[in-house]
Amino acid sequence: MYKAMVMSAGVGSRLDPLTKSVPKPLVPICNKPVMDILLENLCAIGVKDIVANTYYLSEQIVARYVENNLGINFNYITEETLSGTAGGVKKCQFFFNKDEDFFVLSADGVTNADLMKGMEIHKKSGAIATIGVKPVKEEDIPNFGVVVTDSDGYIIEFQEKPAIKDAKSNLINTGIYIFNYKIFDYIPANEFYDFAKNVFPKLLQDRQINVFQVDEYWSDIGTLDQYKQSTLDLFENLYTFKHDEIHRAELGSYICGKTNLPKNIKFIGHSVIGNDCIIGKNVVLENSILWDGVEIADNVHLKDCVIASNSRVERNLTNHIIGQNELVAKFNSKLKKRLMLIKFWCKLFGRK
């Protein structure tokens, strides 16, 4: 029986405004928090003892998982100040036994990776650390940290977001780690310490980092574009997890939580509707995501939008991200004319 640590302390600033009042691990993919998906996957392979480091809006994570129906034993620490990726793992050293191997996963990763295959490769290699790596298309290489290996699968070099012409590999670091307890010898206590900058270079010198290839789906929701893409990927059957039923519509499909939909709603592409939403008449949802408690007024068309919980939208939007508890009101025609007139005069007299 293996244990796992989930790194869940990050602020998730690149997902702003979605993460202004929700920690990144609780951002929903098709109405399910991304950390739920991760914990369900771990439980399915028998990993039920979990520890997480928390920091940003930690009380929400603790409240959701201390008592849970996911079948896991959830433990946690709360960091008063961020201590880096490796520093956070070091603070969880108490949770693991000497000589044992364990998983370390990021809470914002969505994957169907075969973790047990990774563990087998890790044990067979005898390495202190094993990293899940995934081959990507050439044009995507500059977006990721690249891993270069020798013929035995040991890492010999890291390249941080190299240009395509400079890349020595198309294998990227997925942030899926398998460590032996000896990893703690490489991380000092009570210091800000990072795996990429501080730990891995030392392990590289000692030839102690191995890899296993992730052939299955992997994505993170680190950016707004990646978040939206991960949702669309589920509709395209690129990966799976337990979710609400996918309903087919004339021009697309949708997932809907406990929300009553009007008969004249129109779906284009793939959309998600959360629980307790209020949808007006003649609404069009096109590749959009509504979290719980969202209100959409009559005759509104949303395209490529994400609307966070308890917000109300009263006008058409395209490619907008709306945070929680926001009101997107109708334009006041008189005010709109005044603004246009002000812009005209400012432009005429060269003022901003």
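In this predicted model, the charged end of Lys-3 sits over the ring of Phe-95, 5.0 Å from the ring centre; a charge counts as sitting over a ring if NZ of Lys or CZ of Arg is within 6 Å of the ring centre and within 35 degrees of the ring normal. Residues are numbered from 1 along each chain as its sequence is written, and side-chain values use heavy atoms, with hydrogens and water left out. Since the model is predicted, local features need pLDDT of at least 70 and side-chain atom pairs count only at pLDDT 80 or more, while totals for chains, interfaces and linings use all residues.

Phe-95 also turns up in a cluster linked by ring pairs, alongside Phe-94, Phe-96 and Tyr-177, among others. Rings of Phe, Tyr and Trp (its six-membered ring) pair if their centres lie within 6.5 Å; planes under 30 degrees apart are stacked, over 60 edge-to-face, and the rest tilted. That rule gives 20 aromatic pairs. One of them, Tyr-239 with Phe-241, is tilted, at 5.9 Å centre to centre and 35° between the planes.

Then there is the nonpolar core (buried Ala, Val, Leu, Ile, Met, Phe, Trp, Tyr and Cys residues joined through side-chain atoms within 4.5 Å; buried means under 20% relative accessible area, exposed over 50%, partly exposed in between, with a 1.4 Å probe and protein chains only). The largest one has 57 residues, and Leu-42 and Trp-291 are among those with the most contacts inside it.
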